[in-house]
Amino acid sequence: MNCNKGDRAVICRNLDETGQWAYGYVVTCDELVQFREFPDAVIWKTDPPLINPKGNECGVQDQCLRRLDDPGDDARDESLSWLPVPSKEVA
């Protein structure tokens with residue numbers, strides 16, 4: 001599985017063209033649900049609820065999500081290593 005309960009994730013793909021409206025939405029994985037139509041699929045109910053253009057609440061398959069990890073307190077921005085370190089100019 002890509003996500004666990006309580007994980008924040010971004011919707012990065014869908015299995016058909018009808019779900020492209022949801023690309024880029026950031027959601028929290030709230031509860032696993034089962035649908036009779038997809039007995040083997042891992043589908044998340046999300047918070048906030050995901051409402052499709054027809055006005056129906058829908059779930060998101062786990063394989064369509066990319067988890068957004070918290071980098072932690074000791075995270076370092078790698079883009080800062082691209083620039084020279086600032087230094088005081090001595091006249």
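This is a predicted model: local features need pLDDT of at least 70, side-chain atom pairs count only at pLDDT 80 or more; totals for chains, interfaces and linings use all residues.
I started with S3, where Thr 46 is the bridge partner of Cys 29.

**Entry: the S2–S3 pairing**

S2 covers residues 26–35 and S3 covers residues 38–47; I find six bridges between S2 and S3, in the antiparallel sense. The two strands make a hairpin, and two residues sit between them.

**Entry: the other side of S2**

Next I looked at S1, residues 8–11. S1 pairs with S2 over three bridges, again antiparallel. I checked who faces whom: Arg 8 is opposite Thr 28 in S2, and Ala 9 is opposite Val 27 in S2. A reminder to myself for reading side chains here: in a regular strand they alternate between the two faces of the sheet.

**Entry: the sheet as a unit**

What is the order of the strands in the open sheet? I read it as S6-S3-S2-S1-S7, five strands with antiparallel pairing. S6 (60–61) and S7 are the edge strands; each has a single partner strand, so one side of each has no neighbour in the sheet. For the record, strands of a sheet pair through backbone hydrogen bonds, parallel or antiparallel.

**Entry: chain totals**

I stepped back to the whole protein chain. The count is zero helices and seven strands, and the pattern along the sequence is β-β-β-β-β-β-β. How much of the chain is buried? Buried residues are 24% of the 91 residues. The accessible surface is about 7400 Å², and carbon and sulfur atoms hold 50% of that. I also looked up contact range: among contacts with a separation of 6 or more, 45% are between residues 24 or more positions apart.

**Entry: salt bridges**

I got two salt bridges in the structure.

Through shared partners, the salt bridges put Asp 7, Arg 67 and Asp 69 into one network. In general terms, side chains of opposite charge can pair when their charged atoms come close.

Then I asked about cover. Is Asp 7 buried or exposed? Asp 7 comes out as buried, at 18% relative accessibility. Arg 67 has a relative accessible area of 36%, so I log it as partly exposed. Asp 69 is exposed, at 55% relative accessibility. That gives me one network with a buried Asp 7, a partly exposed Arg 67 and an exposed Asp 69.

**Entry: aromatic rings**

I searched for ring pairs and came away with one aromatic pair. The pair is Trp 21 with Tyr 25, edge-to-face, with 5.9 Å between the centres and 90 degrees between the planes. I label it edge-to-face because the angle is 90 degrees and the class takes planes over 60 degrees apart. I also checked how open the two residues are. Trp 21 is partly exposed at 26% relative accessibility, and Tyr 25 is partly exposed with a relative accessible area of 40%.

**Entry: nonpolar patch**

Which residues form a nonpolar patch on the surface? I noted Met 1, Leu 32 and Val 42, with about 280 Å² of accessible area together. Leu 32 belongs to strand S2, and at 44% relative accessibility I put Leu 32 down as partly exposed.

**Entry: a cis peptide**

Most peptide bonds are trans. The bond joining Asp 47 and Pro 48 is cis, with omega about 0 degrees. Pro 48 lies in the loop between S3 and strand S4 (50–51).

Conventions
Residues are numbered from 1 along each chain as its sequence is written. Side-chain values use heavy atoms; hydrogens and water are left out. Rings of Phe, Tyr and Trp (its six-membered ring) pair if their centres lie within 6.5 Å; planes under 30 degrees apart count as stacked, over 60 as edge-to-face and the rest as tilted. Buried means under 20% relative accessible area, exposed over 50%, partly exposed in between (1.4 Å probe, protein chains only). Two strands pair if DSSP finds at least two bridges between them. Helices (H or I, at least four residues) and strands (E, at least two) are DSSP runs, numbered from the N terminus. A salt bridge is a side-chain nitrogen of Lys or Arg within 4 Å of a carboxyl oxygen of Asp or Glu. Patches are made of residues with over 30% relative accessible area and no salt bridge: like charges are joined within 9 Å, nonpolar side chains (Val, Leu, Ile, Met, Phe, Trp, Tyr) within 5 Å. Accessible areas come from the Shrake-Rupley method with a 1.4 Å probe; for residues, only the protein chains shown count as cover. Contact means heavy atoms within 4.5 Å.
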